[in-house]
Each structure stands twice: as structure tokens, then as C-alpha cells.
Amino acid sequence: MAQESPKNSAAEIPVTSNGQLEDSHEHRFNRDLKCSLPVGLGLSETKITSHGFDSAKEGVVEAGQFPSKGSSASPKSSVVSPSSAAASRLAGQGCDLIIPTGSRAQQKSGPVVLADEVKNPAMEKLELVRKWSLNTYKCTRQIISEKLGRGSRTVDLELEAQIDILRDNKKKYENILRLAQTLSTQLFQMVHTQRQLGDAFADLSLKSLELHEEFGYNADTQKLLAKNGETLLGAINFFIASVNTLVNKTIEDTLLTVKQYESARIEYDAYRTDLEELNLGPRDANTLPKIEQSQQLFQVHKEKYDKMRNDVSIKLKFLEENKVKVLHNQLVLFHNAIAAYFAGNQKQLEQTLKQFHIKLKTPGADAPSWLEEQ
């Protein structure tokens, strides 16, 4: 007698009395079940739940103890989704894979990624506009209250005095700059006239033999005056360029920081006023969150105001040091050049320009040659 192999309910093949396979309905069901289950999973450990083709849970295999007849206990189940590798294995075993096609589209397999909620750019812009409008309203109300004498403002007396002096000095320096530019323009016209006059005298000295020496003296004098005028013009233009940098760049940059400081001061006073009004009102469940939020906003603007005040103080200090140094050198240059020119001391005038490292431009040096123009 042959040795009996261990029996498995899923591996039993019933035969008839004549040795042929029994192709009954139950046998076909067991065969299909074997093909649809992973290797190593017995019939006693599985149960198939069938659904219609239009159901969203097609092909669900529930693993667990298969209940016996008459048992009403519901087994614990888990969903097993066959992968492409499992499908290939079943196809290799000669099993037919039936994919139902119902009215609903077949769901694609793959990892499910839960993305964060996409932020709407329009909502963000709307929120920024809302915050800007609220801040503008508070600042405008604070400005109107201050002009009407109803609102209080924070004042740093020492810093405000320094700012007023700076603005007054800027106006005076602008006036000096404007007058120096006028002097430069007039001196340029005079030098140009002297140069033309010297050329005319030189031409007449060659054509008038009886007045050759007289025209020659005047020609040399006018050319010398024109040369000294060009030297003085170089000193004045250097003075204008330095004062212009001081007024329109250095001082203007400091005044820009002052404007930012004043804007920060208005915001600080506006939110301070709001916080004071809320603190004077009743304290209940509705007002406490508003007071806390107002306190946070007040603290933020207070830090900004303190930072801007410190920046303005530092810039005013450095500006004062730079202004004294620049104006000292430029005023000495202007005085020495003017004095040497009208005294007729050509040597001292040239020495003044060398002292301040001023190089005069040769007339026509900036003009391109005919070859460069081609």
C-alpha cells in the first residue's frame, strides 16, 4: 500500500469510480479558488466574499478561519489586493483571470499620496490687502488725531532737535550749492570769452606791424587769465561735486531713514492708542482675545520703533562726523583757490589743486578723434 500524503482540503481532487475526474460544480469552485489564492493559504483559512461587478469592493479576499456550517460568528477579515506579480503567478498556473467590467471605471493601483491643502494665492493677496487697509486706517486716524490736537504722540526731544537742525542745514547747503553752480557757469563764460579775446589779439598782432607788441601783450595776458580761470574752474567744480554728494546722497539717505522712523512712530502710537482704549473697556470672554492680540501687535511695532530710533541716532552721529570732515577740506580749497586767482598768484593756485589731488581736463581731451568716430 502506498504511503498516504498529508491531506489538504484545498488539494483534494475527488475522482469517480472509473478513475475520471469529477467535474461537478463543487469541484470547479474549489479549482477556481485554488487559482485565485496565494500559495500556502489553505481553504480552511480563507473565505471569499463575492460582490456584483458594479460594487466598489470587487475581488476582495478576506483571510481568517472559515466558519463551519451553522456557525454565526463573523470572522476577522483583512483586505488582500493581488499585485501584478501575483497575477502573473496565477496565469502561470493555468488559471483564468477574470476582470469584471462594470458601469464604473476600474480603479488604478498605486500608492495614495495625501497632499496638503493647496493655498489659494487669491486668498493670500486678499489677506495682505486686508492687513494693509487696517494698518493704513489706524495710521491715518492717528495722524488726524494729532493734527486736531486730540491724540497723543511719542516725542524724543533730543532726537527731534537733531532732525530739525539737519533739515535746516540741508536747505542752507542747497543754497550754497546753487550759488556755486551759478559762479561756475559765469566763470566758464568769462574764461571762454578771454580765450577768444586772446586769439583775436594774437591774430591782430601778426597783421598789424605797427601795433605788434601792444596786441601781443594783451594776447598773452588774456591767455594767462584764461588758463588761471580754467584752474579756478576746476577747483570750483570739485567743490560743487563734493557738496552735491554730501547734500543729495549722504544727507538724503539719512533723511530717508528719518522718514522710516517717523512712519514707525506713527504706527507705534496708533497701536498704543488702540491698546489703551481696549484696556479702558470691559474685560470679558469676547474682549480678552482682542486685548491679547492688540498687545502682541503693540509689542511688534514698539520693537520696530525702538530699532528705527536707534538707526537714526547712529546715522546722525556718523553724518555729523562726515560732514565736518568734508566741508572742512572743501572750504579750505575754495578759499585758497579764490584768493590765489584774484591775487594773480598762479603758482599758489596750481599748488592748491595739487594739494587736493585735482587733475584738470585738457580742453578737447574728451572729444573722440576722427578715427574713433569712423
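This is a predicted model: local features need pLDDT of at least 70, side-chain atom pairs count only at pLDDT 80 or more; totals for chains, interfaces and linings use all residues.
Just after α7, His357 takes a positive phi of about 55°.

Trainee: Which residues of helix α7 are buried?

Mentor: In α7, which spans residues 346-355, the buried residues are Leu349, Thr352 and Leu353. Viewed down the axis of α7, these buried residues fall within an arc of 95°, so they line one face of the helix.

Trainee: What do the buried residues of α7 pack against, and which exposed residues does the face turned away from the buried side carry?

Mentor: The buried residues pack against α5 (212-280) and α6 (287-343). On the face turned away from them, Lys347, Lys354 and Gln355 are exposed.

Trainee: Which residue caps the N-terminal end of α7?

Mentor: The cap is Asn345, with a side-chain oxygen 3.4 Å from the backbone nitrogen of Lys347.

Trainee: How is a pair of aromatic rings described?

Mentor: One gives the distance between the ring centres and the angle between the planes. When ring centres within 6.5 Å are taken as pairs, the count here is six aromatic pairs. One of them joins Tyr261 and Tyr305, at 5.8 Å centre to centre with 25° between the planes, and is stacked. This pair links distant parts of the chain, since Tyr261 belongs to helix α5 and Tyr305 to helix α6, 44 residues apart.

Trainee: Are Tyr261 and Tyr305 buried or exposed?

Mentor: Buried means under 20% relative accessible area. Tyr261 has 1% relative accessibility and therefore counts as buried; Tyr305, at 2%, is likewise buried.

Trainee: Which residues form one aromatic cluster?

Mentor: Tyr261, Tyr268, Phe298 and Tyr305 form it.

Methods
Residues are numbered from 1 along each chain as its sequence is written. Side-chain values use heavy atoms; hydrogens and water are left out. Buried means under 20% relative accessible area, exposed over 50%, partly exposed in between (1.4 Å probe, protein chains only). Helices (H or I, at least four residues) and strands (E, at least two) are DSSP runs, numbered from the N terminus. The arc is that of the directions from the helix axis to the C-beta atoms. Contact means heavy atoms within 4.5 Å. A polar contact is a pair of N or O atoms within 3.5 Å; within protein, one must be able to donate a hydrogen and the other to accept it, and residues adjacent in sequence count only if both atoms are side-chain atoms. Rings of Phe, Tyr and Trp (its six-membered ring) pair if their centres lie within 6.5 Å; planes under 30 degrees apart count as stacked, over 60 as edge-to-face and the rest as tilted.
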